[in-house]
Amino acid sequence: QVQLVESGGGSVQPGGSLRLSCAASGFTFRSTTMRWFRQVPGIEREFVASITPTGSHTVYADSVKGRFTISRDNAKNTVYLQMSNLKPEDTGVYFCNKIFDDSWGRGTQVIVSS
């Protein structure tokens with residue numbers, strides 16, 4: 001059974017940084033492309049970033065390019081999202097996801113506000 005546990009969210013001022021983590025279990029993590037999404041109430045969940053199994057290839061939404069970095073540690077079954085120069089529009093609940101799977105964790109809340 002796929003389990004995903006996100007953590008690391010919080011409240012920061014614009015320009016600040018946060019590092020999100022997602023601990024995964026229940027599948028072969030090292031063979032799986034992982035993704036980060038975010039959601040604001042009333043708006044469809046939005047793709048943020050993805051990373052291939054070895055970390056050799058990453059993809060980012062245009063809105064976060066140059067500010068966010070996705071990475072992974074296959075020994076720890078964990079995927080990360082380093083977020084820098086945060087903007088108020090980055091506010092939302094962040095979720096990680098296993099590609100080709102509809103399993104979701106509880107997410108972690110990020111609030112960017114002055």
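Colleague: Which residues does T33 touch, leaving aside those up to four places away in sequence?

Modeller: Bear in mind that this is a predicted model. With residues up to four places away in sequence left out, T33 touches S50, I51, T52 and P53, and also R72, N97, K98 and I99.

Colleague: And where does T33 lie?

Modeller: T33 lies in the loop between β3 and β4, and at 16% relative accessibility it counts as buried, because the cut-off for that class is under 20%. T33 and G55 are 22 residues apart in sequence, while their C-alpha atoms are 8.7 Å apart in space.

Colleague: Let's move to the sheet with β4 in it. What is the strand order?

Modeller: The order is β2-β10-β9-β4-β5-β6, an open sheet of 6 strands with mixed pairing. β2 (10–12) and β6 (58–60) stand at the edges with a single partner strand each, so one side of each has no neighbour in the sheet. From one strand to the next, the twist averages 25°.

Colleague: In what sense do β4 and β5 pair, parallel or antiparallel?

Modeller: β4 and β5 pair in the antiparallel sense, over 5 bridges. Within that pairing, E46 in β5 is the bridge partner of R38, and R38 also forms a salt bridge with E46, in which the closest N and O atoms are 2.8 Å apart.

Colleague: Are those two buried or exposed?

Modeller: R38 is buried, with a relative accessible area of 5%, whereas E46 counts as partly exposed at 33% relative accessibility.

Colleague: Which residues are linked with them in a network of salt bridges?

Modeller: The network links R38, E46, R67 and D90. The side chains of D90 and R67 meet in a salt bridge at 2.7 Å, N to O, and this pair links distant parts of the chain, with D90 in the loop between β8 and β9 and R67 in the loop between β6 and β7, 23 residues apart. D90 is buried with a relative accessible area of 0%, and R67 counts as buried at 9%.

Colleague: How many salt bridges are there in total?

Modeller: The count comes to 5, and among them is the one between K65 and D62, at 3.1 Å from N to O, where K65 and D62 are both exposed.

Colleague: What phi does N77 take in the hairpin of β7 and β8?

Modeller: The hairpin has 4 residues between the strands, and N77 takes a positive phi near 50° there. N77 counts as partly exposed at 26% relative accessibility. N85, in the loop between β8 and β9, has a positive phi of about 50° although it is not a glycine.

Colleague: Last topic: which residues touch the most other members of the largest nonpolar core?

Modeller: Of its 27 residues, those are W36, V79, L81, M83 and Y94. β3 gives the largest share of this core, 4 residues. Leaving out residues up to four places away in sequence, V79 touches, among others, L20, C22, F29, M34, W36, I51, I70 and C96.

Key: Residues are numbered from 1 along each chain as its sequence is written. This is a predicted model: local features need pLDDT of at least 70, side-chain atom pairs count only at pLDDT 80 or more; totals for chains, interfaces and linings use all residues. Side-chain values use heavy atoms; hydrogens and water are left out. A nonpolar core is a set of buried Ala, Val, Leu, Ile, Met, Phe, Trp, Tyr and Cys residues joined through side-chain atoms within 4.5 Å. Buried means under 20% relative accessible area, exposed over 50%, partly exposed in between (1.4 Å probe, protein chains only). Helices (H or I, at least four residues) and strands (E, at least two) are DSSP runs, numbered from the N terminus. Contact means heavy atoms within 4.5 Å. Two strands pair if DSSP finds at least two bridges between them. Axes are lines fitted to C-alpha atoms, for helices over the stretch in contact, and angles run from 0 to 180 degrees between N-to-C directions. A salt bridge is a side-chain nitrogen of Lys or Arg within 4 Å of a carboxyl oxygen of Asp or Glu.
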